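Hi,

Here is the model I said I'd pass along. Have a look at it first, and my notes follow below.

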Amino acid sequence: MQRKIERILVTGGAGFIGSAFIRFALPLCQKIVNLDLLTYAGNLRLLEDLANHPSYRFVQGDINDQPLVESLLKEEGLDAIVHFAAETHVDRSIASARPFLEANVLGTVALLEALRKFPSIHFHHVSTDEVYGSLGESGVFCEESLYCPNSPYSASKAASDHFVRAFAHTYGLSTTLSHCSNNFGAGQFSEKFIPKTLSQCLAGEPLSIYGTGKNVRDWLYVDDHLEAIWAILHKGERGESYNIGGGSELSNLAMAHRLMDLLAEQTGVGIETYRSLIRFVSDRPGHDFRYAIDASKIEKTLGWRPRVGLDEGLRETIRFYIDFFKDQSAIGLNSCNVPSDKVSSVGETGKYSTELHEFKPIADQSIACFAKRTNPAL
Ligand SMILES: NC(=O)c1ccc[n+]([C@@H]2O[C@H](COP(=O)([O-])OP(=O)(O)OC[C@H]3O[C@@H](n4cnc5c(N)ncnc54)[C@H](O)[C@@H]3O)[C@@H](O)[C@H]2O)c1
């Protein structure tokens, strides 16, 4: 079965994955409406070059604003919602869980309530492998794995998954759901592991790694995630969920070393110089040890496979961030779009420090380079 999807409401389209999805999908659609609140993580300059595109509309607003969502669904004659909007940083959820409840759970419920008036619109919910909790040295998460979320972030994503399922079952809504492993690529907010590692290396500042650095993540290049979502959106079975992973498992320390090796290739700085920046700090409370994904369902049923190798994707990501962090005098991305009440405050929690870094402005040239990478027509 192939769903006809030409007009999409994307929530959280000013974030890392949502903005990449819009860039990917816009040439393939008649209309994309991007509904984003522009929290500290929203970054409209990632889509600056598309601002006047005739098929694109940006609306600054909260997914919790159900009348706004309903008016968009009515005005724009949409076929689908692809729901990315969320609070996404685990450390921030440990410091304060409520914003995660409000955005991730209540926000998703508000969208689902709005959809009850438009039952022909398909809803794709972008979730995370973190809802399954943590693995030991072996094993993988499959779609039947039990939910066992360990952080307030993953608990809020798990709760939102359950509401999606319940609304599909109770009200007959057309939904699909995906659980993806850790993404990397251009445009990720600088508090996350890969941009943070690159920023510290480029600035020659100490790089904090939680615990012993042995926690393992399964990394996927963001473009591969977009293709998986596109496949599910069009061909995914109604009511089904799909796990998406890159099969590239690395400990945090191994990932830091890999980034340093590849960064050294591009900057000419010695690898040992970068490695000497590493400091091990008190572990994140409740830190999940390992995530790994069995993606055989989406591979067998929808023919999706990751196409971008780890090093290829990392090299591309590093090129982006070298430009990104180069021009500190460029106009800050978020200076005009951060409602202060939406910025989660994160500080010391006991022995553990969240080690968040200030937002670093983006260089214009890196936006241009990013735009060309994802849309050769530009
Ligand atoms: N980044 C990853 O590795 C990863 C992996 C698996 C799943 N996911 C999921 O993918 C989605 C996108 O992740 P990301 O890394 O791009 O996140 P992000 O933090 O970069 O972006 C989130 C976006 O949502 C917007 N937003 C937040 N609350 C909102 C609200 N109430 N109303 C409207 N907009 C709001 C923000 O302004 C921001 O633009 C999330 O749902 C996340 O759980 C992410």
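H124 stands opposite T176 in β6, and H124 itself lies in strand β5 (strands are DSSP runs of E, at least two residues; helices are runs of H or I, at least four; both are numbered from the N terminus). Before I go on: this is a predicted model, so local features need pLDDT of at least 70, side-chain atom pairs count only at pLDDT 80 or more, and totals for chains, interfaces and linings use all residues. Residues are numbered from 1 along each chain as its sequence is written.

Back to the histidine. H124 counts as buried because it has 24 C-beta neighbours inside 10 Å (buried means 20 or more other C-beta atoms within 10 Å of a residue's own, exposed means 12 or fewer, partly exposed is in between, and C-beta atoms are placed from the backbone). Leaving out residues up to four places away in sequence, H124 touches A80, V82, H83, T176, I229, I232 and L233 (contact means C-beta atoms, placed from the backbone, within 7 Å). H124 and L177 are 53 residues apart in sequence, yet their C-alpha atoms are 5.7 Å apart in space.

Now the sheet. β5 is joined to β6 (residues 175-180) by 6 bridges, and the two run parallel. They belong to an open sheet of 7 strands with parallel pairing, in the order β3-β2-β1-β4-β5-β6-β10 (strands pair if DSSP finds at least two bridges between them). At the edges are β3 (56-60) and β10 (241-244), each pairing on one side only. From one strand to the next the twist averages 20°. Helix α7 (residues 222-235) lies across β4 (80-83), β5, β6 and β10, at about 160° to β6 (axes are lines fitted to C-alpha atoms, for helices over the stretch in contact, with angles from 0 to 180 degrees between N-to-C directions).

What about the core? The largest nonpolar core has 88 residues, and I8, F21 and V82 touch the most other members (a core is a set of buried Ala, Val, Leu, Ile, Met, Phe, Trp, Tyr and Cys residues joined through C-beta atoms within 7 Å). Helix α11 (residues 310-326) gives the most to this core, with 7 residues. Beyond its neighbours within four places in sequence, F21 contacts V10, V82, F84, L226 and I229.

On to the ligand. It is surrounded by 31 residues, the closest being G12, G15, F16, G42 and A86 (a residue counts if its C-beta atom, placed from the backbone, lies within 6 Å). Elements giving two or more residues to the shell are α1 (16-25), β2 (31-36), α4 (98-115), β5 (122-128) and β7 (182-184), and α1 gives the most, with 3.

Two backbone details are worth a look. L38, in the loop between β2 and β3, has a positive phi of about 60° although it is not a glycine. L38 counts as partly exposed because it has 19 C-beta neighbours inside 10 Å. The other is G204, which follows α6 and has a positive phi near 70°. In α6 (residues 193-203), the buried residues include I194, P195 and L198, and the buried set packs against β7, β8 (207-210), α8 (252-267), α9 (271-275) and α11.

Overall, the chain has 12 helices and 14 strands, and 44% of its 378 residues count as buried.

Cheers

Note on methods
Contact = placed C-beta atoms within 7 Å.
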